[in-house]
Amino acid sequence: MSVFRSVLFNVLAFLLTLLMGVGAFPIRWFAHRLALPYAKLWSRLVLALFRSICGVKVEITGLEHLPTHGPALIASQHQSAFDTLVWMLLLPRPCYVMKGELRRIPLLGPMLVLTGMMPIERAAGAKAMRMLLQETDKALKADRQIIIFPEGTRTAPGEHVALKPGIAAMANHAKLPVIPVATNSGLFWGRNAFFKRSGVLHIAIGPAVGPAKRAALLADIEAGWREQEKTFQPLA
């Protein structure tokens, strides 16, 4: 049954993405202001397919720590494509820090730019950090809530990697605290995994930390993640 569910979800999600990608041309040409609501709708539909077809229940704790308006910095664990969609539903004006090469994906890339995401060319070295801070200023001026994945790549559940310093630079530049978020999404929608798994997917949002010096802030984010992970229910 899980194989059938996975195949059905992947096929329907691909067709939905293709259909909405083509349907976005009028927005790209004539109605840029609708780009973010359109992206939110796409995210909502893909995740609705994921929950209903794959038998996944999403349990979110700590919503009281999220802003209802205004700028914010959110440091989330990154285990799954799920993590790049769900914040579209949880925040009023989300803005992801993303790999610059995503702009070159047909259909999807131009919409990412129009929705005001933050594409960063990671190979650009010091220039990438300057670009990150410039994009941070623009996003915060527009009252966007910035989501960054400090691990820098998707990791397996339970895997610990050194955090990238970009989040500390952003927090200290903007003089904003950081909201740490833990998840176990990789158990249900793994990295590059065709097959999906049913169960309870957790998103645990912790209280804000910092701003602080780089080493201290990165340690506080990690500590916040570990604390929130304690709330996850064990898999049956």
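Student: Where is Thr155 found?
Tutor: Helices (H or I, at least four residues) and strands (E, at least two) are DSSP runs, numbered from the N terminus. Thr155 is found in the loop between strand 5 (145-148) and helix 7 (166-174). This is a predicted model, with residues numbered from 1 along each chain as its sequence is written. Local features need pLDDT of at least 70, side-chain atom pairs count only at pLDDT 80 or more, totals for chains, interfaces and linings use all residues, and side-chain values use heavy atoms, without hydrogens and water. The place asked for is the loop between strand 5 and helix 7.

Student: Is Thr155 buried or exposed?
Tutor: Buried means under 20% relative accessible area, exposed over 50%, partly exposed in between (1.4 Å probe, protein chains only). Thr155 has 4% relative accessibility, so Thr155 counts as buried.

Student: Which residues does Thr155 touch, not counting residues up to four places away in sequence?
Tutor: Contact means heavy atoms within 4.5 Å. With that sequence exclusion, Thr155 touches His78, Gln79 and Val161.

Student: Is Val7 buried or partly exposed?
Tutor: Val7 is found in helix 1. Its relative accessible area is 36%, so Val7 is partly exposed.
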